[in-house]
Amino acid sequence: MSDCRLSNGKINGSEGGKTPFLIGVAGGTASGKSTVCKRIMEKLGQAEIDNRQRQVVCISQDSFYRELTPSEIAKAEKGQFNFDHPDAFNEKLIKDALMDILAGKIVQIPIYDYKNHALKKDEILTIYPADVVLFEGILVFYFPEVRKLFHMKLFVDTDSDTRLARRVPRDIKERGRDLDQVLNQYMNFVKPAFEEFCFPTKKFADVIIPRGADNHVAIDLIVQHIRELLTNKPRTSEERTLPPAKLHPQPHQSPSKKVAINSEGVFKRPH
Ligand SMILES: Nc1ncnc2c1ncn2[C@@H]1O[C@H](COP(=O)(O)OP(=O)(O)O)[C@@H](O)[C@H]1O
Ligand SMILES: Nc1ccn([C@@H]2O[C@H](COP(=O)(O)O)[C@@H](O)[C@H]2O)c(=O)n1
């Protein structure tokens, strides 16, 4: 077993196993990225399965926020740190982890603690080789080196009023914030960074999902596609060692082939 150590001190081990189909799921804050991934897992009967047996797994980009300095933590506690800027993430660690996943290694992913603006000290998620890996986050298509690793790119496109209306109660209930903090952070950092860094990555998406998890037709079509992948997954050791581009050829990147799916199931070109 060849092991490599991540800079967070965790060990990634090779199992020489599957090369998964890697799906990136981007979108603004509270657009429903995690909920879309959860629905996909549920529809595929993967949600209740033991982590080790799962064919489809989901990872959050938030696990790759970089460690803050004491002065940055002080800023974060006052709502004055920009968590929506690409510099807030550890790009190298994201790339290394995804490359290990594509190489069929067992990968250990930290879990992020939004209340303390840091990775959880005693919780770690072990990702065993799977057939399909979903990687979701606000800026998963921002870094070119990371973007090119995805076999399929989804953008969850929910309007900004709805996103703010969902973010406020979520951050108060689940992320230890008060109303003023959420609104100040949103106006000073989240909204401008969405416009500058996240929204422009929509153009890289292969499929745009308007209204997120409410778009049952889009989710069903994606689930159907994943089911086909799981049915036709590579079985021989020779197939397993093929590079991902050969096992799962990249979809044609021409903008004219990009589609959005509306609630009637009609494929539309994005604006
Ligand atoms: N279609 C929906 N209808 C109602 N609430 C939703 C819907 N999708 C997501 N939410 C809620 O909005 C909040 C943000 O959703 P989430 O999936 O975590 O977004 P993201 O992962 O993009 O930040 C959560 O509290 C979630 O339960
Ligand atoms: N310590 C932190 C870290 C991140 N955030 C916010 O989380 C958002 C990304 O997560 P989503 O589930 O909403 O996609 C991002 O917009 C950051 O502002 C935070 O508030 N505190």
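Helix α1 gives the most to the shell around ligand 1, with three residues. This is a predicted model, in which local features need pLDDT of at least 70 and side-chain atom pairs count only at pLDDT 80 or more, while totals for chains, interfaces and linings use all residues. Residues are numbered from 1 along each chain as its sequence is written, and chains are lettered from A and ligands numbered from 1 in the order in which they are written. Helices are DSSP runs (H or I, at least four residues), numbered from the N terminus.

Ligand 1 is surrounded by 13 residues, the closest being Gly-32, Lys-33, Ser-34, Thr-35 and Arg-166; a residue is near if its C-beta atom, placed from the backbone, lies within 6 Å. Both α1 and α5 (160-174) supply at least two residues of this shell.

Helix α1 (residues 33-43) also meets helix α7 (residues 216-231): their axes come within 10 Å and cross at roughly 50°. Axes are lines fitted to C-alpha atoms, over the stretch in contact, and angles run from 0 to 180 degrees between N-to-C directions. The contact is made by Val-36, Arg-39, Ile-40 and Lys-43 of α1 and Ile-219, Ile-222, Val-223 and Ile-226 of α7, where contact requires C-beta atoms, placed from the backbone, within 7 Å.

Helix α5 in turn packs with helix α6 (residues 179-198) at an angle of about 135°, with axes 9 Å apart. Helices α5 and α6 are therefore oblique to each other.

How values were computed: Contact = placed C-beta atoms within 7 Å. Parallel < 35°, antiparallel > 145°, perpendicular 65-115°, else oblique.
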